[in-house]
Amino acid sequence: MKGSIKIGRILGIPIYINYTWLFVFAFITYMLAVDVFPSDERNFSQLTYWLLGICTSLLFFASLLLHELAHSFVCLKNGIPVKSITLFIFGGVARIAKEAEKPSLEFLMAAAGPFASIALSAIFGSIWWFTRGVYDPLSSMTGYLAIINLGLAIFNLVPGYPLDGGRIFRSIVWLITGDHQKA
């Protein structure tokens, strides 16, 4: 993707951040620090609100990266090379070298991302549960991250291609009809 910078490699996959990610990062951080956290937690300092906003934004984008890595992990385990992962204004995208050759593999590849997001939501939700009233800044941040990751999973399960739900639906139609083109 043009306008992207390489930030590293994970599982041998080049990871890029597109310049559009910076705008979303700044917007999300600002909204969290100026509007969301102050309206929920009125007893924090301005510095705490900004640190929570930055940390939540970074963890949100780490969650997006883990979502894409889940897709990529299934691809790699099944011999499908992954060219790169790029985070950008609309989230993230894993570029794979070829499409799945079986509907069951297409299903697993597509379902891995939402499954990772649901798992992250459960992890963040558990941290929120156990830190409520104990450490409010961590509780606030993890509560939002639980909701955000659950929302990410639900949005990605919408049955419209190229979303994960569309790919899952395509794999089911492919399995039923036996025809990848019809699917």
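In the predicted model, the charged end of Arg 132 lies over the ring of Trp 129, at 3.8 Å from the ring centre. The charged end of Arg 132 also sits over the ring of Trp 128, in this case 5.1 Å from its centre.

Across the whole structure, a search identifies eight aromatic pairs. One of these is formed by Tyr 19 and Phe 23 in an edge-to-face arrangement, with 6.4 Å from centre to centre and 85 degrees between the planes. Tyr 19 and Phe 23 are four residues apart in helix H1 and are therefore separated by about one helical turn. Phe 23 is exposed, its relative accessible area being 54%. The ring centres of Tyr 30 and Trp 50 are 6.2 Å apart and the planes stand at 55 degrees, so this pair is tilted. A single aromatic cluster comprises Trp 21, Phe 25, Phe 60 and Phe 61.

The largest pocket has a volume of about 680 Å³. Its lining consists of 29 residues, of which Glu 68, Gly 92, Val 93, Pro 162 and Asp 164 lie nearest the centre. Two or more lining residues are given by each of helix H1 (19–40), helix H2 (46–77), strand S4 (91–96), helix H4 (136–156) and helix H5 (164–177). Helix H2 gives the most, with seven residues. By class, the lining contains 18 nonpolar, five polar and six charged residues.

Note on methods:
Residues numbered from 1 in each chain as written. Predicted model: local features only at pLDDT ≥ 70, side-chain atom pairs only at ≥ 80, totals over all residues. Heavy atoms only, no water. 1 Å grid on protein atoms, 1.4 Å probe; cavity = no way out; pocket = protein on both sides within 12 Å on 5 of 7 lines; lining within 4 Å. Points joined across faces, edges and corners; volume = space filled by probe spheres on them. Nonpolar A, V, L, I, M, F, W, Y, C, P; charged D, E, K, R; others polar. Phe/Tyr/Trp six-rings, centres within 6.5 Å; stacked < 30°, edge-to-face > 60°. Buried < 20%, exposed > 50% of the residue type's maximum accessible area, 1.4 Å probe, protein only. Lys NZ or Arg CZ within 6 Å of the ring centre and 35° of its normal.
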